[in-house]
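Here are my notes on the side-chain contacts in this model. Please read them with the structure open.

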Amino acid sequence: MQTRFWKYEGAGNDFVMLDMRGGLGGNLDGDVVRRLCDRRRGVGGDGLLALLDGDEGYDFRMRYFNADGSEAAMCGNGARCIALFARDLGAVGHSMRFVGADSEHRAEILSDGEVRVSMRDVEVCTPLGNASFMLDTGVPHYVEFTDDVDALDVFHLGRLLRDDKRFATLGGVNVNFAQVLPDGSLKLRTYERGVEDETLACGTGAVAATIAAHVWKGGLRTSVLVHVRGGELRVQFEAVNNHSFRNIVLSGPARRVFEGVINIQA
């Protein structure tokens, strides 16, 4: 079956995009997603996003799949990219309200090419010892702080921690290694569950690392620049206390890379 696709990226986090409005979302399965996200035999991407018709009161619904075909509740950079995708298709204007598997979200396309999206509240940030934390920002994230994130073997360390027995009931976790820089910004590297590799950026990981840094350092600023390998993201939030966080917003660049047609049965 010939299928039209689009390719978008946000700070190097890249996605295959499908317009599946009109009741087509049920046609997706893990095998199709894996084929499309395959970097050698398909389009290639860290994940796939489907734009679906919105329920009453929402402009659209977002469905997100990891590159391995597993469906996930949320992807921060993916949410920013699908907002731009919906705008590019003429489905929405510069502001929109949509729903994902985790919660409802609002997004805004800014004039400078930035896209910002509201994220779900975070209710728990659990210290695990050794400057490490566990929290859920739409998907589960492990965050560990280090003095030199560039020196780490993120692929092998991330792979080990992803399946740590502490996280078995969660089906594994995303693994983040973060460094607090002298100016208060963060440097972040992430091993993503479902991609099973380090990615150039992770939006939910940036949110997790920012909140964990706030807890770890005893109240850092609540608007933080996060340096990732694919660029820069910004996270803003309000801290109710050391465990509860509201009005979380993720901002960063997003752009359309190319579009085409592929036979997804091939």
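**Notes on charged and aromatic contacts**

1. Arg 256 is partly exposed, at 42% relative accessibility. The term covers the range between buried (under 20% relative accessible area) and exposed (over 50%), with a 1.4 Å probe and protein chains only. Glu 259 is also partly exposed, at 38%. Arg 256 and Glu 259 form a salt bridge, and their closest N and O atoms are 3.6 Å apart. The rule asks for a side-chain nitrogen of Lys or Arg within 4 Å of a carboxyl oxygen of Asp or Glu. Elsewhere, salt bridges with shared partners join Lys 7, Asp 14, Arg 39 and Asp 46 into one network.

2. A word on the basis. The model is predicted: local features need pLDDT of at least 70 and side-chain atom pairs count only at pLDDT 80 or more, while totals for chains, interfaces and linings use all residues. Residues are numbered from 1 along each chain as its sequence is written, and side-chain values use heavy atoms, with hydrogens and water left out.

3. How many salt bridges are there by this rule? The count is 22. One of them pairs Glu 104 with Arg 97, at 3.1 Å between the closest N and O atoms. Glu 104 has a relative accessible area of 36% and is partly exposed. Arg 97 is partly exposed too, at 23%.

4. Arg 246 bridges to Glu 123, with the closest N and O atoms 2.9 Å apart. Arg 246 lies in strand β17 (residues 245–253) and Glu 123 in the loop between β8 (114–118) and β9 (125–127), so the pair ties together parts 123 residues apart in sequence. Strands (E, at least two residues) and helices (H or I, at least four) are DSSP runs, numbered from the N terminus.

5. The aromatic pairs number 10. Ring centres of Phe, Tyr and Trp (its six-membered ring) must lie within 6.5 Å; planes under 30 degrees apart are stacked, over 60 edge-to-face, and the rest tilted. Tyr 142 and Phe 167 make a tilted pair, 5.8 Å centre to centre with 55 degrees between the planes. Tyr 142 is in strand β11 (residues 140–145), and Phe 167 is in the loop between α3 (154–162) and β12 (174–180). Tyr 142 is buried at 3%, and Phe 167 is buried at 3%.

6. Phe 145 and Trp 216 are stacked, at 4.5 Å and 15 degrees. They link strand β11 to helix α4 (residues 203–216), 71 residues apart. Phe 145 is buried at 8%, whereas Trp 216 is partly exposed at 36%.
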